[in-house]
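Subject: Structure handover

Hello,

Please find the structure below, for your files. My notes on it come after.

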Amino acid sequence: MIDIEIRKKLHGADGDIEMNVQLQVGQGQIVTLSGPSGAGKTSILRMISGLMKPDSGRIKILGNIWFDHSSKINIRPQQRQVGFVFQEYALFPNMTVWQNLEFALDKDAK
């Protein structure tokens, strides 16, 4: 089960957006995110994967809390074992290619 209740202020080309997402997905369910460009679809995936931090709320996956603002829990992206294919490349611009690859490794695997 995926249980999400998050809030995030996003800065778009047309101004700020207050995102408020409440979502529950049962095991085995298939879900699609749809909406116009800039609606926050990719931001939701980034928050689930840990690449973007919500302003408040919680993300609970299979009974494990990955993010809880009130308890100050924020599991690192490497520990979430979530992958998705970006529409565009998703490298940290301040890191070399090698540093980007190392970032994804478990600290004990280096």
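Predicted model: local features only at pLDDT ≥ 70, side-chain atom pairs only at ≥ 80, totals over all residues.

Residues are numbered from 1 along each chain as its sequence is written, and side-chain values use heavy atoms, with hydrogens and water left out.

Five strands make up an open sheet with antiparallel pairing, in the order 2-1-3-4-5. At its edges are strand 2 (15-25) and strand 5 (73-74), each of which pairs on one side only. Strands are DSSP runs of E with at least two residues, helices are runs of H or I with at least four, and both are numbered from the N terminus. Two strands pair if DSSP finds at least two bridges between them; strand 3 (residues 56-61) and strand 4 (residues 64-68) have four, in the antiparallel sense. K60 is opposite I65 in strand 4.

K8. This residue belongs to strand 1 (residues 2-12). The side chain of K8 reaches the backbone oxygen of K53 at 3.0 Å. Not counting residues up to four places away in sequence, K8 touches I17, E18, M19, M47, M52, K53, P54 and D55 (contact means heavy atoms within 4.5 Å).

S49. This residue sits in helix 1 (residues 41-49). Leaving aside neighbours within four places in sequence, S49 contacts P77, R80, V82 and F84.

Regards

Conventions
Polar contact = N/O pair within 3.5 Å; in protein donor to acceptor, adjacent residues only side chain to side chain.
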